[in-house]
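Keep the structure open as you read, and find each element in turn.

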Amino acid sequence: MQPTEDPNIFQLTVILNPYNEDLNQEKEWKLTEDVSHKPQFTSDQPIVDALFNLSLEEAIKNIEPDSTLRTGAKWGGVWTRDVSYSILLAFAYHEPEVAKISLRKKVKRDRIIQDTGSGGAWPVSSDRTTWVLAAWEIYKVTGDRDWLEEVYPIIKNTLDDDYLTIYDPQTGMFSGESSFLDWREQTYPKWMDNKDIYRSQNLGTNVVHYQAHRILSAMAKIKGEPHAVYDERAEKIKKGINDHLWMQDKGYYAQYLYGRSDLVKSARYEALGEALAILFEVADNEKATSIIGNSPLTTFGATCIYPQIPGIPPYHNNGIWPFVQSYWNWAAAKTGNEEVLIHGLASVYRAAGLFLTNYENMVAETDKATDKVTPKKEMSTWWKEGVLYQIYPQSFKDTDGDGFGDFRGVIEKLDYIQSLGVKMVWMNPFFDSPLVDNGYDVADYRAILPRYGTMDDFQEMLDGLHERDIKFILDVVVNHSSNEHEWFKQSRSSRDNPYRDYYHWWPAEKGQPPFRHSLFDPEGAWEYDSLTNAYYLHYFADAQPDLNWENPKVRQEVYDIMKFWVDKGVDGFRLDAFQFASKDTTFPEWPKGHERDFSKWYGMRPQLHDYLREMNEEVLSKYDVFAVAEGAGSSFKDAHDLVDEDRKELQMAYHFESVGLSRTTAGYELADFKETFSRWDSAFAQKGWIAVFLSNHDNSRLVNRFANTNPEFKTVSTQMIHTFLMSMRGTPYTYYGDEIGMTNIDMPTIEEYVDVSALGEYKAAVSQGLDLEEFMKELNYRSRENARTPMQWNATKNGGFSNGTPWKRVNENYSEINVSNQEKDPNSILNHFRKMTKLRNENSVLVYGKYTLLQKEHPSVYAYTRGSGDDKMLILLNFSDAPSSIHLDEVKTIQKIEINNYNECAIQGNTVNLLPYQAVIFRLGT
């Protein structure tokens, strides 16, 4: 509906059944895999036979190179719940060895891993015991006694831990959710947070615990060990389910007990839990018959829950999941209800036949796939969909008064981090280090620098992040180490030491080594060491000798280090300076002045790709982790070679072109800004994935470089930049303090600087006879020390960062710019940041949707759309301190405003009039 020239008349346009090419295309499926060695199925219904073969083929294709079952089209790696339910349904029979390998991936410290859920991990989600059902099914199929001996202690340890931690003797049941239904607003009231979900007692989870205890008892009998205690526990669980969850008036079980004071029933039906209760005989025959006969079914199948939650988009809510339908069908067959069974089989057959694939889920009302945005070329993953938050640990929060941030400070602020809506945390290095380069000089990759805390502190912090559904990205510094690392101490001790080739050495008797530039040392990258009369190579500071990646022993050391941290639970890696890791060890002479194109000469040697593929094979492909390297070479080809999925190297490109737009006091031009981001988006629109960022620990503050520090405009301009970052395609990287608009700290004299990079640059400026006054002006603006000042939490001493003397002085504006002040202001930078993460988290079109630049030549407005099918958003950003307007045809299809950093938005016809630095996101109609 649009206004006309007559204020009393509106024009209404209605489009019925608009044509959508993506939804109107002929599809076919033909068998391409050899399935002759698999169990065969034949019937008098050719379509059923074909769908059976389609499923066999998809299963074969979902076996990863490491012989594990892939979780699904959207997620790599093995997930406890998904693989266990699949093994129980089919794969114990079809792929017993693959099933074993997959289950082994989900064991840590002889206990089953709980790897998904609202809280991110056990015990908020507590159905890891689905693993027990799968392990027992494999034993029943194979009769492999060695397998039973292997899994028995794992199961026993897990069940005993669960009993001590989450068993409620008052109800006889276990607390925690079913991780299958782990999207909070899809299955829980909005007021419930993780502690409420932890306290709830779920039907499906408790049925699984009941059956797991029965299985452990059966295993103990086979082994001749005591088993009565497990039988007793099982009976208590069964009694608790029937006493507390059965709803006599409805004829089926309640979904869960919940509440903050007294636990009450949630009267919703939950198909998977009901089916499992029948299959494992928690429900007696009378109850089982009642459940199948009375449970509400839709035209297209059994919904995950019923009734649906109003106002929540389809996924678990208002969704039909074929794997749940399969368990429901199994339960219907067990009770002998042929009518329900035929209806359920039709549900599975219809969906697979229409889509010619086994979709994860469908909308219950329409039987269409639930995903509004389906990436065509690549899989969707958590590291694409979440917003990343970078923490510089020594500047975040100090709890022991030594002036340095620490792990316990992060632990103290975990709820704050969660409130930001971010899904990943990248933390700068905290390994043991002499701190020549603030931790990017590592002395021990498996030890924590004591100022940050202990390994136990780290584990508590990591577990706390996971409980809040936040992944942790480790900063791995393996282009170089510290000269205090034991490897280097051994390497420099003698020329015949086994560690000599862990680094690059040039014998002095060969004369001066060919010149190599150092980014931190103005005298060059070779440092003479008299102990063995040789030079060692360092692309950074002389205390950071470069590791020799051409040595396979070095590479294996790094892979072992990565596995060490993955086993502790880290979810990904950021590889510092890694594009420079491979070197031509003949060290030929290079042209004078070559260092002006440093990335071209020093980065991305072809051999680097061999090492990354090796890393992928050794580490990345074996876990649900991702890796991003600092730098993406000097061309799009370089970047694609690093991250395209078929390359099997890294997952995300992290280029510096955009962040380099405003490195000087001259600032940047909007035209260059648009061109750079549009060019990179276009290059990765069909293949690969990129990071989107404008700040980090190596650049001065976002506000100073890309927003406007004028008090009149600082808030709205910073909000505008955040709107941009989180509405672009790619993974947004945000940096601590930017969410409240922290600014540069004024440091006009070199004596205030401690950064090795700044000191090296100053030394070079002196030796080159530069204008030091002008140099210091630029350094003061762009120095990365600006981005490392302590976090400003409140208006108390030191901004609430520390009770001691901070390692670096807090910005004088902390009494004005701090978290506490902005928490109270609904229009603050902080609360706008939260609105943007929420919008992105809830709208996959902002992750995967097509980016289309509008009016490229507009001098002050950056306008673009993000869209997929009928789901489309228009983003308008005024990069000016004056009002601007833009005329667009898209304006006539505006349905609503999703984000606005002002309380008004003036629209006249097809023209939008924007206030200074106004940022608006509109949802468009058709």
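Strand 27 (residues 691-692) pairs with strand 28 (residues 731-735) in the parallel sense, over 2 bridges. Within strand 28, Pro732 is the bridge partner of Val692. Keep in mind that this is a predicted model.

- Strand 28 is mostly covered, with 5 of its 5 residues buried.
- Thr731, Tyr733 and Tyr735 point one way from strand 28, while Pro732 and Thr734 point the other way.
- Buried here has a cut-off: under 20% relative accessible area.

- Strand 16 (residues 388-391) pairs with strand 17 in the parallel sense, over 4 bridges.
- Which residue of strand 17 is the bridge partner of Gln390? The partner is Trp426.
- Strand 17 (residues 424-427) is covered on both faces.
- Met424 and Trp426 are buried on one side of strand 17, and Val425 and Met427 are buried on the other.
- Strand 17 runs parallel to strand 20 (residues 471-476), and 4 bridges join them.
- One of the bridge pairs links Met424 with Lys471 of strand 20.

**Thr718 in helix 25**

- Thr718 is found in helix 25, which covers residues 714-725.
- Is Thr718 buried or exposed? Thr718 has a relative accessible area of 0%, so this residue is buried.
- A polar atom of the Thr718 side chain lies 2.7 Å from the backbone oxygen of Lys714.
- Leaving aside residues up to four places away in sequence, Thr718 touches Val703, Ala707, Asp738, Gly741 and Ile829.

**Helix 3 against helix 4**

- The axes of helix 3 (residues 96-104) and helix 4 (residues 130-142) come within 11 Å and cross at roughly 150°.
- Angles over 145 degrees count as roughly antiparallel, so helix 3 is roughly antiparallel to helix 4.
- Helix 3 contributes Pro96, Ala99, Lys100 and Leu103 to the contact.
- Helix 4 contributes Trp131, Ala134, Ala135, Ile138 and Thr142.
- The crossing of helix 3 and helix 4 is left-handed.

- An open sheet of 5 strands has antiparallel pairing and the order 29-30-31-36-33.
- Which strands stand at the edges? They are strand 29 (850-854) and strand 33 (894-900).
- Each edge strand has a single partner strand, so one side of each is left without a neighbour in the sheet.
- Neighbouring strands of this sheet are turned by 25° against each other on average, direction ignored.
- Strand 29 runs antiparallel to strand 30 (residues 861-868), and 5 bridges join them.
- Thr852 has Thr865 of strand 30 as its bridge partner.

**Helices lying across the sheet**

- Helix 23 (residues 670-683) lies across strand 29 and strand 30, and runs at about 20° to strand 30.
- Helix 29 (residues 829-842) lies across strand 31 (871-878), strand 33 and strand 36 (919-924).
- The angle between helix 29 and strand 33 is about 135°.

Technical notes. Residues are numbered from 1 along each chain as its sequence is written. This is a predicted model: local features need pLDDT of at least 70, side-chain atom pairs count only at pLDDT 80 or more; totals for chains, interfaces and linings use all residues. Side-chain values use heavy atoms; hydrogens and water are left out. Buried means under 20% relative accessible area, exposed over 50%, partly exposed in between (1.4 Å probe, protein chains only). Two strands pair if DSSP finds at least two bridges between them. A polar contact is a pair of N or O atoms within 3.5 Å; within protein, one must be able to donate a hydrogen and the other to accept it, and residues adjacent in sequence count only if both atoms are side-chain atoms. Contact means heavy atoms within 4.5 Å. Axes are lines fitted to C-alpha atoms, for helices over the stretch in contact, and angles run from 0 to 180 degrees between N-to-C directions. Angles under 35 degrees count as roughly parallel, over 145 as roughly antiparallel, 65 to 115 as roughly perpendicular and the rest as oblique. A crossing is left-handed if the near helix is turned anticlockwise from the far one by less than a right angle, and right-handed if clockwise.
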